[in-house]
Amino acid sequence: MSRWQLIREKLPISGDDDDDAFATEWVDIWGPTPDSALIGERLLLAIDGAVSQLPLRQQQAFLLRCVEGFNVAETARAMSCSQGSVKTHLSRAMHSLRSHLEEFQ
């Protein structure tokens, strides 16, 4: 159930137009502010750029493990390599991404 649905359920709406208009004027004070939304967009673009600069095997390990949620064994099967290689590729990818994204830490 969304936050808006919960708020609407708690509001006393009798059915006339004035009450309904009042309910739709609520501002989501828990949502992102414009500046935090912009920072989030910039971060996503920076992550995308940093991931695209990684060597292919590091990209694969990062995307399969961190984005797709594969475990080490599943990632190793998908990449046709050993579990140790997956760990090495992911470790190198994370190190590189951390250095590329320092400004967002």
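1. In this note a residue is called buried when its relative accessible area is under 20%, exposed when over 50%, and partly exposed in between (1.4 Å probe, protein chains only). The model is predicted, so local features need pLDDT of at least 70 and side-chain atom pairs count only at pLDDT 80 or more, whereas totals for chains, interfaces and linings use all residues. Residues are numbered from 1 along each chain as its sequence is written, and side-chain values use heavy atoms, with hydrogens and water left out.

2. Helix H4 covers residues 56–67, where helices are DSSP runs of H or I with at least four residues, numbered from the N terminus. Its buried residues are Gln58, Ala61, Phe62 and Leu64, and what covers them includes helix H3 (34–53), H5 and H6. Just after H4, Gly69 takes a positive phi of about 80 degrees.

3. Helices H5 (residues 72–79) and H6 (residues 83–100) pack with their axes 8 Å apart and at an angle of about 95 degrees, the axes being lines fitted to C-alpha atoms over the stretch in contact and the angles running from 0 to 180 degrees between N-to-C directions. The two helices are therefore roughly perpendicular to each other, a term that applies from 65 to 115 degrees. On the H5 side the contact (heavy atoms within 4.5 Å) is made by Val72, Ala73, Thr75, Ala76 and Met79, and on the H6 side by Gln83, Val86, Lys87 and His89.

4. His89, found in helix H6, counts as buried because its relative accessibility is 18%. Leaving aside residues up to four places away in sequence, His89 touches Arg57, Gln58, Ala61 and Met79.

Technical notes: Angles under 35 degrees count as roughly parallel, over 145 as roughly antiparallel, 65 to 115 as roughly perpendicular and the rest as oblique. The expected span of a helix is 1.5 Å times one less than its number of residues.
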